[in-house]
Amino acid sequence: MAYQETWVCIALISIFIGGVFPDGNPGIVTRINQAGLDFIQENAIERLKEDIESETIDDISGTVNAIFFDVDYLVSNIRISEFEVETSSLKLVPGVGLEFTISGGSVSLNDVNWSYDGGFFSDEGSFDTTVDGLDLDITLGISKNEDGHPVLTPEGCSGDVGSGSIDLDSDSWLSDLSGSLEEVLTDTVNDQICDIITEQISEYSDEVLSGLNLKLEVDSYTEVDYSLISNPLFEESYMETAHKGEFYPIGQSDWEVPFSVPAIDTTGGLNKMVDIWISDYVINSRYYVLQELGILTYTITEDTLPSTLPYGLDSRYLAHIIPKLRQKYDKMPLEVVVNSTSSPTLEFSEDGATITEYADLDAYVVLEDTTRDNIFTIALTGQEQASVGFSYPNITYEVTSMSIDAELKYSEIGHLNMLMLQHIVDAYIKSSVIPYLNEIGQQGFPLPHMDGITYVNPVVSLGKDYILLESDLQRDLDE
């Protein structure tokens, strides 16, 4: 049901939205402030009004004394036809959770069936009524289970209603039963309205949240774990949750990353509805996994060279920097394999993002029988500077500069002109590597998000070891 999905929305924001973290520092920290909660409740109350109008109140039966005898009565088909709310709010309760409040509500009941039996006489009919003055307070607790999934629990509900006027559709002299039925009906609505709402919240949130996938595949090799590492914190001005934010090989959640999560400075933020801090640990754990899986390797052939380069990849073009190459391997194609020798490292700072990479460049001559001879190996140390942005729902980046230092490790063919070789490497980086990296960067890194809710007016800033995304929320009108 639509309104129930909005209660799940509350819990989902708690999943993706530091404090004390008993299980270690989080890779991702998210906060939502009161403005964000106001956005949620505005949508929640509309969905609640739509959904509760299909609910029913249990039948009411009893006996009243009418002058000299008892009359048995039954009120049935008590269906809520309209639910109106004057004011509502979703507020933080520090140390507890959230409080959802409705004030000045009314419940309209149409075509309610009534009947009575006094032994020698009976009657039946229907009536319409509106029960006014509904006030309701529901306390919502959000915690994590053993799997790191969020659990949304109504922890208390109190309600009070005013009164309703009943005009029985009957000419019977017993239409003065109206006063008794008004009192009984008001008491029944008062008793059941909390149960109706809290039962929906509990059952539907359990169904959806228990099946929520907090491990999302990002590419063909890795998945990221967004599970909670501690129960959410509820402070005066925000709700805060902490998430593991670690990459694994797909299906191998027991994988261990051999470095710790740095503490995130979360003293800023709260200028918009939602703040999300992402530690550089998150991306570094992905680099580590890709390194261990042997994915960080790249083969360069003649076909992969950009047409803008003034030279090709065979022994003729490189003879001027490798004199003995033509003597031993004249007019033979070359192949270059770049292998990462250790996991790349990413570091965020106020000045931007810096990625440091270490790799070996192995150059091969491809022989006529398709076997290869390794002719030299160069150790490469690369450093990229990048700017960071946001394109919903992804954090994106653009490489602004990249430098490579090359050092000869091994040569089968004697002296290499390293200065000329450095120029070739730099040209290839500018013409091919940086555009390729920026193409990947525009695809970005996906942030937690929910269907039907989008980030608007986002602001991205960087600090020591983290990215901070500050954003407002808006319902997607296409949903």
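**Reading the terms in this model**

User: What makes Asn 77 count as partly exposed?

Analyst: Asn 77 has a relative accessible area of 34%. Buried means under 20% and exposed over 50%, with partly exposed in between, so at 34% Asn 77 is partly exposed. Do keep in mind that this is a predicted model.

User: Where is Asn 77, and what is its phi?

Analyst: You will find Asn 77 in the loop between β4 (69-76) and β5 (78-84). Its phi is positive, about 55°, although Asn 77 is not a glycine.

User: Asp 465 also has a positive phi. Is Asp 465 buried or exposed?

Analyst: Asp 465 has a relative accessible area of 15%. The cut-off for buried is under 20%, so Asp 465 is buried. Its phi is near 75°, and its place is the loop between β22 (453-463) and β23 (466-475).

User: How do you know that the peptide bond from Tyr 392 to Pro 393 is cis?

Analyst: The omega of that bond is near 0°. Pro 393 sits in the loop between β19 (372-391) and β20 (394-411).

User: What makes the span of α4 close to the expected one?

Analyst: Helix α4 covers residues 280-292, 13 residues in total. From first C-alpha to last it reaches 18 Å, and 18 Å is also what is expected at 1.5 Å a residue.

User: Why is α4 called mostly covered?

Analyst: Of its 13 residues, 11 are buried. Among them are Tyr 281, Ile 283, Tyr 288 and Leu 290. Buried means under 20% relative accessible area, so each of these residues falls under that cut-off.

User: What is found at the start of α4, and what just after it?

Analyst: At the start, a side-chain oxygen of Ser 279 comes to within 3.0 Å of the backbone nitrogen of Tyr 281. Just after α4, Gly 294 has a positive phi of about 75°.

User: How do you know that β11 and β14 pair?

Analyst: Pairing needs at least two bridges, and β11 (residues 222-225) and β14 have four, so they pair, in the antiparallel sense. One of the bridges joins Asp 225 to Glu 246 in β14.

User: Why do β10 and β14 stand at the edges?

Analyst: The open sheet has three strands in the order β10-β11-β14, paired antiparallel. β10 (215-217) and β14 (246-249) each have a single partner strand, so one side of each is left without a neighbour in the sheet. On average, neighbouring strands here are turned by 30° against each other, direction ignored.

User: Which strands does α4 lie across?

Analyst: α4 lies across β11 and β14, and runs at about 15° to β14.

Definitions and conventions:
Residues numbered from 1 in each chain as written. Predicted model: local features only at pLDDT ≥ 70, side-chain atom pairs only at ≥ 80, totals over all residues. Heavy atoms only, no water. Helix = DSSP H or I, 4+ residues; strand = E, 2+ residues; numbered from the N terminus. Expected span 1.5 Å × (residues − 1). Buried < 20%, exposed > 50% of the residue type's maximum accessible area, 1.4 Å probe, protein only. Polar contact = N/O pair within 3.5 Å; in protein donor to acceptor, adjacent residues only side chain to side chain. Axes fitted to C-alpha atoms, helices over the stretch in contact; angles between N-to-C directions. Contact = heavy atoms within 4.5 Å.
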